[in-house]
Amino acid sequence: MEFDWSVIGEAMPALLSGARLTILITLAGLVGGLAVGFVAGLMRAYGNAFLNAVAFAYIELIRGTPIVVQVMFIYFALPVLADIRVNPMTAAVTAIVVNAGAYIAEIVRGSFLSVHRGLKEAGLALGLPLWKVLVYIIGPVAFRRMIPPLGNQFIVSLKDTSLFIVIGVGELTRQGQEIMAANFRAVEIWSAVAILYLLMTGTLTLILRVTEKRMRIL
Amino acid sequence: MSIVEFRNVTKTFGPVVVLREVDLNIDKGEVVVLIGPSGSGKSTLLRCINALEEINGGDLVVDNISVKAGRSQVRLIRQEAGMVFQQFNLFPQMTALENVAFGPRRVRGISRAEAEEQARALLAKVGLAERGHHYPAELSGGQQQRVAIARALAVKPKLMLFDEPTSALDPELRHEVLRVMQALAEEGMTMIVVTHEMAFARQVGTRLIFMEDGKISVDGKPADLLANPENPRLREFLQHVH
Ligand SMILES: Nc1ncnc2c1ncn2[C@@H]1O[C@H](COP(=O)(O)OP(=O)(O)OP(=O)(O)O)[C@@H](O)[C@H]1O
Ligand SMILES: [Mg+2]
């Protein structure tokens with residue numbers, strides 16, 4: 001069979017709109033995931049027994065179940081359980097928030113706790129409250145150590161959006177699937193889809209590399 | 001007038017008793033040198049004073065505030081009692097100047113410009129006027145420790161706690177730190193110093209305390225105790241550190 005470039009040309013507008021949605025879900029999901037992850041990670045690292053247990057349960061629940069099950073639960077089970085109607089897009093973003101949040105929590109906890117204990121003591125010994133020690137002293141050191149594992153998680157989350165094909169969100173993989181079902185040009189379509197994903201993850205990697213270079217790891 | 005008052009203080013780590021009903025009064029202006037075998041509780045005693053360790057029994061009053069008086073009071077104690085650590089513990093993401101200006105800015109809440117002005121004066125005082133823009137990783141151990149002393153002084157404490165400030169340093173770098181400490185003592189700063197530097201104890205110390213197994217077993221004038229250690233275990237200890 002011959003590789004037909006015109007197939008790609010015709011599919012491109014739809015694929016690009018899919019890619020736009022993929023980016024949107026990833027960005028919104030990661031912003032939320034970072035917020036959730038920081039809170040849960042700090043609860044794990046510095047919270048009292050109760051906060052620690054809550055964060056621990058959340059993290060284990062999410063890490064112990066597949067993301068496809070999580071999004072199906074949010075989209076199909078939640079409406080039945082709690083009478084909440086969610087559209088596919090909301091379900092997709094929520095799934096990334098909840099899922100990435102759990103993994104980011106572990107990254108946050110690990111990097112905060114990896115900072116030498118003496119720095120925390122030196123901050124406290126000046127008479128600072130713990131929150132200021134975390135914000136001004138431990139946080140900036142921990143943040144630099146978080147960048148590589150966070151980058152990894154960002155890429156995983158971006159690729160995870162392809163699984164939302166199961167709830168019919170028109171992201172990149174779904175668009176590819178629909179075009180393929182109409183024209184049966186599997187080679188052209190899945191090559192184009194793969195390259196679009198590579199472009200997105202490649203850009204992410206590049207941004208992270210630059211950020212990492214500009215910050216001295218301490 | 002006492003600035004530090006241990007009243008029957010007990011400290012345990014799980015089943016291990018580290019301080020056993022310690023009574024100790026330290027007056028303003030004293031330079032107390034604390035010595036004793038490894039594990040005798042010297043660091044713990046020091047760390048109880050600024051509440052880095054919580055006491056389990058008795059009471060401990062620092063500048064008229066009990067370490068048991070609650071979080072905000074504990075922060076006041078910590079502002080009155082500066083601490084210098086064996087491992088310096090400088091903030092690695094900040095320059096020397098920023099390290100020293102940090103306390104006044106974030107604890108006392110003064111402006112950045114004013115804090116840096118004071119920090120420059122303090123760095124000059126510890127002989128590092130030219131090193132303000134260097135990061136800790138770019139300084140020698142002796143320089144780092146002097147920055148750490150300046151950082152503690154910046155919060156204007158009434159009392160300074162030193163936990164083996166020269167133990168992590170090469171011998172040829174120790175004297176520069178000891179000289180700064182001596183100058184501080186001569187200005188009248190109240191100091192409690194855990195150290196093995198017996199020359200410092202003799203020349204600068206006004207009081208020498210020997211700890212053993214969580215208790216103070218000898219307490220007296222450095223000159224007398226070092227010239228004539230009557231306690232046999234102190235005598236043996238001194239033979240090892242000399
Ligand atoms: N955080 C801790 N948890 C458990 N045990 C501890 C802790 N800190 C200190 N200890 C124990 O308390 C005892 C006294 O320790 P401390 O550090 O006060 O001794 P030290 O006199 O300073 O010794 P060194 O000369 O080795 O510094 C030791 O037996 C030590 O193992
Ligand atoms: Mg010690």
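Which residues have the most contacts inside the largest nonpolar core?

## The model and its cores

This is a predicted model, in which local features need pLDDT of at least 70 and side-chain atom pairs count only at pLDDT 80 or more, while totals for chains, interfaces and linings use all residues. Residues are numbered from 1 along each chain as its sequence is written, chains are lettered from A and ligands numbered from 1 in the order in which they are written, and side-chain values use heavy atoms, with hydrogens and water left out.

The largest nonpolar core has 93 residues, and those with the most contacts inside it are A:F164, B:V4, B:F6, B:L60, B:L159 and B:I192. A nonpolar core here is a set of buried Ala, Val, Leu, Ile, Met, Phe, Trp, Tyr and Cys residues joined through side-chain atoms within 4.5 Å; buried means under 20% relative accessible area, exposed means over 50%, and partly exposed lies in between (1.4 Å probe, protein chains only). Helix α6 (residues 130-160) of chain A gives the most to this core, with 12 residues, and a second, separate core of 48 residues includes B:L97, B:L128, B:M181 and B:M189.

Leaving aside neighbours within four places in sequence, B:I192 is in contact (heavy atoms within 4.5 Å) with several residues, among them B:V4, B:I26, B:L159 and B:F162.

## Strands in chain B

Helices (H or I, at least four residues) and strands (E, at least two) are DSSP runs numbered from the N terminus, and two strands pair if DSSP finds at least two bridges between them. In chain B, four strands form an open sheet in the order β2-β1-β4-β5, with antiparallel pairing. Strands β2 (16-27) and β5 (65-66) of chain B stand at the edges with a single partner strand each, so one side of each is left without a neighbour in the sheet. Two bridges link β4 (residues 57-62) of chain B to β5(B) in the antiparallel sense, and B:I65 in β5(B) is the bridge partner of B:V62.

Elsewhere in chain B, strands β9 (residues 207-212) and β10 (residues 215-220) run antiparallel and are joined by five bridges, with B:D219 in β10(B) as the bridge partner of B:I209. These strands, β9(B) and β10(B), form a hairpin with two residues between them, and B:D213 in the turn has a positive phi of about 50 degrees.

## Salt bridges

Side chains of opposite charge can pair when their charged atoms come close. B:R47 counts as buried because its relative accessibility is 10%, and A:E121, at 11%, counts as buried, as does B:E53 at 16%.

In helix α4 (residues 112-125) of chain B, B:E116 and B:R112 lie four residues apart, about one turn of the helix, and their side chains meet in a salt bridge (3.5 Å, N to O). Here B:E116 is buried at 16% relative accessibility, whereas B:R112 is partly exposed at 44%.

Terms used
A salt bridge is a side-chain nitrogen of Lys or Arg within 4 Å of a carboxyl oxygen of Asp or Glu.
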